[in-house]
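Here are a few exercises on aromatic rings. Have a look at the chains first, then work through the solutions.

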Protein chains: 2
Amino acid sequence: MNQEQQDNLQNAQEQGVRQKIARMDEVILLDFWVSMFGMRVRIALAEKGIKYEYKEEDLRNKSVLLLQMNPIHKKIPVLIHNGKPISESLIIVQYVDEVWNEKAPLLPSDPYQRAQARFWADFIDKKMYDAGRNVWTTKGEEQEAAKKEFLGNLKLLETELGNKPYFGGDSFGFVDIALIGFSCWFHAYETFGNFSIEAECPKLIAWAKRCMEKESVSKSLADEKKVYEFVSRMRNKLGIE
Amino acid sequence: MNQEQQDNLQNAQEQGVRQKIARMDEVILLDFWVSMFGMRVRIALAEKGIKYEYKEEDLRNKSVLLLQMNPIHKKIPVLIHNGKPISESLIIVQYVDEVWNEKAPLLPSDPYQRAQARFWADFIDKKMYDAGRNVWTTKGEEQEAAKKEFLGNLKLLETELGNKPYFGGDSFGFVDIALIGFSCWFHAYETFGNFSIEAECPKLIAWAKRCMEKESVSKSLADEKKVYEFVSRMRNKLGIE
């Protein structure tokens, strides 16, 4: 066997090992259909083209697997990659981006741009969920304050978006993934809050429609009517008229 | 000029450019001496050997610079690198690690280990500050609950530390940086809470002493007695006996 043949054999063997490793990759997602945090992970995995097993959790009766895999927070989403769990949605998305780094980069490569992307994703985490929840769990003055807070946060995000197609610029990325899951809740916020997000933040609504043209997003988000029905049932359970 | 001379000249020119760039690096930190979040950034910069200008903020009368550089949260710490601001302490530490990547790596290189480091740093952010504050701002049953919560969180961290010298293993890193600033507040928590952290978490106290042997840490943390006096003044202002 000459050198070229030896090299070819070695390449073929290495490729075989890589393919075997790829086949061996076991990816499981513990999730709950209406969670905007779970949606982030679904979108990241879809962007990367990763096949995975989706396991729906009953949050009132959490599985032993969830409690074992996320004993600290006991929350979805949890990604289990070859038996090893990763929790907290933004941390999972970064992990997915770092492990499957050959296609669809989600975070920018420039450190300053990465820091900015992390800043806005963190802003969404700290500000959007509670503000949104307050819109549909309160009434009267408290609700007016919640709507003002919610819209104020969205307007800051709209200003950050500016005239770019996506938050990171020309391609869909980390901040888009962090925020877009909230858009399928907009209909519920608007109906129970009796206000229009589009009237206040037209560019953000145009951005959400742009994101929904991507199959990775449209297949990962819940139907807004089903989210509305879910919120309606939650309000009944909480005794809100 | 022969090839070697040409190469030497080129090397000298490249080195000159790098030195010029290094000299041009302007690094400013907006901070407040007692902030455990600011301490994270001070330690990261010290680990990397970065010279910077420290600007103390008066948080009751924030500077125009702070309001310009962090208009969203209006909080310290803010790192200003060549005129560009980065906010949120853990995001700053990651930025510092990515920009000055030639020495003292703070995050592990393995994606799974990175995700775990981010998870625990995030846990500290979500759990330690509020629990600690509740220890010195409350009384009676409320304070008992706060102490229980605070110690419970520390015990989870102690379990995660295990018998390793540092959270990441043999070398000081991201999770150590995230947590160690709290240790100079321990004396205040213990005195106002009338409890002993060392009695409950001896390994964690040993870890804190180990960290303090590093100059990057000891020079970045506030004196525990001064922190105690600061907390005492805060309690007076809040009308707590």
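**Rings in this predicted model**

Phe32(A), Trp33(A), Phe150(A), Trp185(A), Phe186(A), Tyr189(A), Phe195(A) and Phe230(A) make up one aromatic cluster. The model is predicted, so local features need pLDDT of at least 70, side-chain atom pairs count only at pLDDT 80 or more, and totals for chains, interfaces and linings use all residues. Residues are numbered from 1 along each chain as its sequence is written, chains are lettered from A in the order in which they are written, and side-chain values use heavy atoms, leaving out hydrogens and water.

**Exercise 1.** Work out how the rings of Phe37(A) and Phe182(A) are arranged.

- Start with the search: over all chains, it turns up 34 aromatic pairs.
- Next, the geometry: the centres of Phe37(A) and Phe182(A) are 6.3 Å apart and the planes are at 90°, so this pair is edge-to-face. (Rings of Phe, Tyr and Trp, the last by its six-membered ring, pair if their centres lie within 6.5 Å; edge-to-face means planes over 60 degrees apart.)
- Finally, accessibility: Phe37(A) is partly exposed at 21% relative accessible area, while Phe182(A) is buried at 1%. (Buried is under 20%, exposed over 50%, partly exposed in between, with a 1.4 Å probe and protein chains only.)

**Exercise 2.** Which lysine lies over the face of Tyr112(B)?

- That's Lys84(A), at 4.5 Å from the ring centre. (The cut-offs: NZ of Lys or CZ of Arg within 6 Å of the ring centre and within 35 degrees of the ring normal.)
- Now try Tyr112(A): the charged end of Lys84(B) sits over its ring, 4.4 Å from the centre.

Methods. Rings of Phe, Tyr and Trp (its six-membered ring) pair if their centres lie within 6.5 Å; planes under 30 degrees apart count as stacked, over 60 as edge-to-face and the rest as tilted.
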